[in-house]
Every structure is written in structure tokens, then in C-alpha cells.
Amino acid sequence: MSAVDELLARARRTLTRVGPREAAALQDTGGLLVDIRYAQLRERDGTIPGALIVERNELEWRLDPTGEHRASEATHHDLPVVVICNEGYASSLAAVSLRELGLHRATDLIGGFQAWREAGLPVER
């Protein structure tokens, strides 16, 4: 197993990952979906309505509730956050990073944006 595969496996052992319908339900009850895909993928495939767009290199600064550069949606450490990448790999590592900032309910979407779309959930162009 490669080092990055080991890192991913360790990260996922700390998360309770969610599927597309669970992520949609969390969003409906006040949870925050965070799309970390880069612009080219969002332009190609669309976005999830209501999801906060934060590219991966800015994630920790924008989601830290105590930070001066936080997004207005990053209101408290108890906020349920579902990180979404394209296929569900980078989002696992990103969710663990958010947990290290104190966002203890952070997790990620199994299968990423592609799973959301395949589930027939809403996508904006």
C-alpha cells in the first residue's frame, strides 16, 4: 500500500462518511456542504445548490470559526460540515483537517460530486 493510501485509510477511520442523500438531508437541517473542487470541474459539471464553494487551498482559513478570514457560514465548531470533492478522496483528508481545527462534526461525501450527480440530486449549471 502506498503512503498516500495509508494516509487516506487512517483519515477515513476517524470519519463517519455520508452518502449523497444523507448529505442532502444534513443540508436541509442546517448543515453546510462545502465544495472544494477546482473551478474547471465546477464549470464542467456544475455545482450543488446552496453549497459553499471554497477551493482546497483556502479551506482551513475559510472554515475556522475563530479566524478573521472565515466565511460567514462558518459560525461555530458544532456546525455539521460535509466536504465534497470530485470523487471522494481529497475530501476525506480535508475533513480530517477541519476536525483538527475543532469542527468535530466535519465529514465528507462518499463518491464526491460524481456520486451526488449520479444519485439524481440537484445540480446547477
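This is a predicted model: local features need pLDDT of at least 70, side-chain atom pairs count only at pLDDT 80 or more; totals for chains, interfaces and linings use all residues.

Biologist: Where is Asp64 placed?

Modeller: Asp64 lies in the loop between helix 4 and strand 3.

Biologist: Which side chain of opposite charge is nearest to Asp64, and how many Å away?

Modeller: That is Arg70, 7.7 Å away. Asp64 is buried yet has no salt bridge. The cut-off for a salt bridge is 4 Å, between a side-chain nitrogen of Lys or Arg and a carboxyl oxygen of Asp or Glu.

Biologist: And what does Asp64 touch, leaving out residues up to four places away in sequence?

Modeller: Arg70, His77 and Leu101.

Biologist: What about Ala71, buried or exposed?

Modeller: Ala71 counts as buried because its relative accessibility is 2%. Ala71 is also found in the loop between helix 4 and strand 3. Not counting residues up to four places away in sequence, Ala71 touches Leu52 and Arg62.

Biologist: Changing topic. Which residues of helix 5 are buried?

Modeller: Helix 5 covers residues 90-100, and its buried residues are Ser91, Ser92, Ala94, Ala95, Val96, Ser97 and Leu98.

Biologist: What covers the buried residues of helix 5?

Modeller: The cover includes helix 1 (3-13) and helix 4 (59-63). It also includes strand 3 (81-84) and strand 4 (106-108).

Biologist: And what follows helix 5?

Modeller: Gly102, with a positive phi near 105°.

Biologist: Which residues form the nonpolar patch on the surface?

Modeller: Val4, Leu7 and Leu93, with about 230 Å² of accessible area together. Of these, Leu7 is found in helix 1. Leu7 has 38% relative accessibility, so it counts as partly exposed.

Biologist: Last one, Pro20. Where is Pro20, and why does it count as buried?

Modeller: Pro20 is in helix 2, residues 20-28. Pro20 counts as buried because its relative accessibility is 15%, and the cut-off for buried is under 20%.

Biologist: What is Pro20 in contact with, leaving aside its neighbours within four places in sequence?

Modeller: Leu109, Ile110, Ala115, Trp116, Ala119 and Leu121.

Biologist: How many residues apart in sequence are Pro20 and Gln114, and how many Å apart in space?

Modeller: Pro20 and Gln114 are 94 residues apart in sequence, and 9.6 Å apart in space, C-alpha to C-alpha. For another pair, Ala71 and Gly19 are 52 residues apart in sequence and 25 Å apart in space, again C-alpha to C-alpha.

Conventions
Residues are numbered from 1 along each chain as its sequence is written. Side-chain values use heavy atoms; hydrogens and water are left out. Buried means under 20% relative accessible area, exposed over 50%, partly exposed in between (1.4 Å probe, protein chains only). Helices (H or I, at least four residues) and strands (E, at least two) are DSSP runs, numbered from the N terminus. Contact means heavy atoms within 4.5 Å. Lys and Arg count as positive and Asp and Glu as negative; His and the chain ends are not counted. Patches are made of residues with over 30% relative accessible area and no salt bridge: like charges are joined within 9 Å, nonpolar side chains (Val, Leu, Ile, Met, Phe, Trp, Tyr) within 5 Å. Accessible areas come from the Shrake-Rupley method with a 1.4 Å probe; for residues, only the protein chains shown count as cover.
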